Amino acid sequence: QIMLRDSINDQLNRFNGIERISGRIAYGTNFTPRDCLALKNSLELLPNVKLLLEATKSSKLKNLYEEVPDFSDVVSLLSNAISDNPPALLSNGGYIREGYNKELDDYHFAMSDGKKWIIDLEQIEREKTGIKNLKIAFNKVFGYYIEVNKSLAKNVPLTYQRKQTVANNERYITEELKNLEEKILGAEENAKKLEQRLFAELRNNLISYIPALQKASKIISELDCLVGLATIA
């Protein structure tokens with residue numbers, strides 16, 4: 001029984017304020033990605049506690065065993081959504097895990113590999129139009145554009161929108177290039193805004209679990225008191 005008591009106590013000492021975090025979820029006050037990580041780490045301990053309680057003969061502890069909620073879906077959600085080492089502030093970004101949201105992954109990819117996107121699109125457009133010297137370029141005034149020699153303008157698809165005429169070339173834009181330009185130039189800002197929106201959605205999902213979280217916190221507190229009394233006894 002002493003070994004069981006010590007094992008339970010060891011697990012309890014690793015819990016991190018589920019009730020406090022529940023309050024932050026409820027009111028949205030100071031709720032951060034690090035709270036999500038702390039909550040996940042705490043909820044991951046519950047199956048260990050439940051396994052220990054299952055081995056006891058005490059009717060009181062058996063009742064607690066039966067009452068421990070299942071948070072496997074919450075743990076899965078938080079594991080998939082939050083990175084392993086999130087920043088303290090939402091404004092810093094970088095707390096949503098890669099693979100959780102494709103649009104966000106695209107922004108991050110644009111931030112790091114935007115040039116490759118342009119090169120790939122340039123090659124696609126050359127093959128599609130048959131214009132070998134077609135190129136995609138950029139300047140601060142006009143942004144990204146597709147440049148074609150005037151002599152080959154007759155080969156330009158109808159989907160190309162004329163953007164500018166220069167000495168020997170015509171410059172065009174397409175919807176795909178517009179979208180790509182927006183992703184590349186606004187990737188960092190868009191990524192931060194999207195992360196904040198995803199985090200707000202995550203918090204809204206967690207709100208429905210608050211009663212169960214409060215129940216789990218009560219069970220942990222009660223178990224902590226029982227372990228304390230057992231130690232004194």
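Helices (H or I, at least four residues) and strands (E, at least two) are DSSP runs, numbered from the N terminus. The model is predicted, so that local features need pLDDT of at least 70 and side-chain atom pairs count only at pLDDT 80 or more, whereas totals for chains, interfaces and linings use all residues. Residues are numbered from 1 along each chain as its sequence is written, and side-chain values use heavy atoms, with hydrogens and water left out.

Lys140 occupies the loop that joins strand 1 (135–139) to strand 2 (143–149). With a relative accessible area of 82%, Lys140 is exposed; here exposed denotes over 50% relative accessible area, buried under 20%, and partly exposed the range in between (1.4 Å probe, protein chains only). Between the C-alpha atoms of Lys140 and Leu180, which are 40 residues apart along the chain, the separation is 15 Å.

Helix packing was examined next. Axes are lines fitted to C-alpha atoms, for helices over the stretch in contact, and angles run from 0 to 180 degrees between N-to-C directions. Helix 2 (18–27) packs against helix 3 at an angle of about 140°, and the two axes are 10 Å apart. Helix 2 and helix 3 are therefore oblique to each other, given that angles under 35 degrees count as roughly parallel, over 145 as roughly antiparallel, 65 to 115 as roughly perpendicular and the rest as oblique. The crossing of helix 2 and helix 3 is left-handed, a term applied if the near helix is turned anticlockwise from the far one by less than a right angle, clockwise being right-handed. On the side of helix 2, the contact (heavy atoms within 4.5 Å) is made by Ile18, Arg20, Ile21, Arg24 and Ile25, and on the side of helix 3 by Asp35, Ala38, Leu39, Ser42 and Leu43. By class, the contact of helix 2 with helix 3 comprises six nonpolar, one polar and three charged residues. In this classification Ala, Val, Leu, Ile, Met, Phe, Trp, Tyr, Cys and Pro count as nonpolar, Asp, Glu, Lys and Arg as charged, and the others, Gly among them, as polar.

The loop between helix 2 and helix 3 contains Asn30. Although Asn30 is not a glycine, its phi is positive, at about 60°. Asn30 is exposed, with a relative accessible area of 57%.

Helix 3 (residues 33–43) also packs against helix 6 (residues 72–81), at an angle of about 140° and with the axes 9 Å apart. The arrangement of helix 3 and helix 6 is therefore oblique, and their crossing is left-handed. From helix 3, Cys36, Leu39, Lys40 and Leu43 meet Val74, Val75, Leu78 and Ser79 of helix 6. Six nonpolar residues, one polar and one charged form this contact of helix 3 with helix 6. Cys36 is buried, at a relative accessible area of 1%, whereas Cys225 is exposed, at 51%. The structure holds zero disulfides (a disulfide being a pair of cysteine sulfur atoms within 2.5 Å).

A further partner of helix 6 is helix 9 (residues 187–207): their axes come within 12 Å and cross at roughly 170°. Helix 6 is therefore roughly antiparallel to helix 9. Val74, Leu77, Leu78 and Ala81 of helix 6 make the contact with Leu202, Asn205 and Leu206 of helix 9. The residues of this contact of helix 6 with helix 9 divide into six nonpolar, one polar and no charged.

Ser72 is also part of helix 6 and is partly exposed, with a relative accessible area of 45%. A distance of 9.2 Å separates the C-alpha atoms of Ser72 and Pro47, which are 25 residues apart along the chain. In the loop between helix 6 and helix 7 lies Tyr100, which counts as partly exposed at 28% relative accessibility. Apart from neighbours within four places in sequence, Tyr100 is in contact with Leu77, Asn80, Ala81, Asp105 and Leu198. Tyr100 and Tyr145 are 45 residues apart in sequence, and their C-alpha atoms are 32 Å apart in space.

Glu122 belongs to helix 7 (residues 102–129). With a relative accessible area of 16%, Glu122 is buried. When neighbours within four places in sequence are left aside, Glu122 is in contact with Leu134, Lys135 and Ile136.
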